[in-house]
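Open the model in your viewer and keep the selection panel at hand. The stops below say what to select and what is there.

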Amino acid sequence: MTHTKSEKRPWLGALLAFFLPGLGHVYLREWLRSLMWFAFAVSAVLLFVPLPDAATTGATGVGAAFDAALEATQDLPLEALLPIWVVRLFSAIDAYWLALQRTPDDVDEGDQCPSCGKAVDEDLDFCQWCTTPLPERDGPNGPAESEAVSR
């Protein structure tokens, strides 16, 4: 199966979203949805993971507090882990589903260079990536057919 440049792989989006909720949505360029899933993950951690008390752990600095927090997360009960895993799983499912729903036509890339296939700027008469001259077209730098001067 060949992939076009604008086609996204659903399994990669799901894997990234499972690793860090929201990361798969960044891959899919769904910025608002990415922020939403990341906020869900942070909320699940803040609501369900008990933070260690600095007075009981003897942590005096940021590094010591971080080490104490890592030790505390190793013994988390199922009630604290379950919401985090649910957010990770649903984020991965959502990213997978979004990538399946997207088609190359959904991505608006405008005109493409006939030589290199990359998207080109509408205001230029040549490809800014490989400098190939583009065929004449309507627009600010390209005359319409009725206005074209024949030689």
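The tour goes from a helix pair to its aromatic contact, and then to another helix.

This is a predicted model, in which local features need pLDDT of at least 70 and side-chain atom pairs count only at pLDDT 80 or more, while totals for chains, interfaces and linings use all residues. Residues are numbered from 1 along each chain as its sequence is written, and side-chain values use heavy atoms, with hydrogens and water left out.

**Stop 1: H1 and H6**

Select residues 10-19, helix H1, and residues 78-101, helix H6. Helices (H or I, at least four residues) are DSSP runs, numbered from the N terminus. The axes of H1 and H6 come within 7 Å and cross at roughly 160 degrees; axes are lines fitted to C-alpha atoms over the stretch in contact, with angles running from 0 to 180 degrees between N-to-C directions. H1 and H6 are therefore roughly antiparallel, the term for angles over 145 degrees. The crossing of H1 past H6 is right-handed, meaning that the near helix is turned clockwise from the far one by less than a right angle.

Now show side chains. On the H1 side, the residues in contact (heavy atoms within 4.5 Å) include Pro10, Trp11, Ala14 and Phe18; their partners in H6 include Trp85, Leu89, Ala92 and Tyr96.

**Stop 2: Phe18 and Trp85**

Zoom in on Phe18 and Trp85, an aromatic pair with 5.6 Å centre to centre and 50 degrees between the planes, which is tilted. Rings of Phe, Tyr and Trp (its six-membered ring) pair if their centres lie within 6.5 Å; planes under 30 degrees apart count as stacked, over 60 as edge-to-face and the rest as tilted. Phe18 is in H1 and Trp85 in H6, so the pair ties together parts that are 67 residues apart in sequence. Phe18 is partly exposed at 28% relative accessibility, and Trp85 is partly exposed at 43%. Buried means under 20% relative accessible area, exposed over 50%, and partly exposed in between (1.4 Å probe, protein chains only).

**Stop 3: Trp37 and Phe40**

Select Trp37 and Phe40, both in helix H3 and three residues apart, about one turn of the helix. Their ring centres are 5.5 Å apart and the planes stand at 85 degrees, so the pair is edge-to-face. Trp37 is buried at 10% relative accessible area, whereas Phe40 is partly exposed at 41%.

**Stop 4: Ser34**

Stay in H3, residues 31-48, and select Ser34. Is Ser34 buried or exposed? At 8% relative accessibility, Ser34 is buried. Leaving aside neighbours within four places in sequence, Ser34 is in contact with Gly22, His25 and Val26.

Note on methods. Helices (H or I, at least four residues) and strands (E, at least two) are DSSP runs, numbered from the N terminus. Angles under 35 degrees count as roughly parallel, over 145 as roughly antiparallel, 65 to 115 as roughly perpendicular and the rest as oblique.
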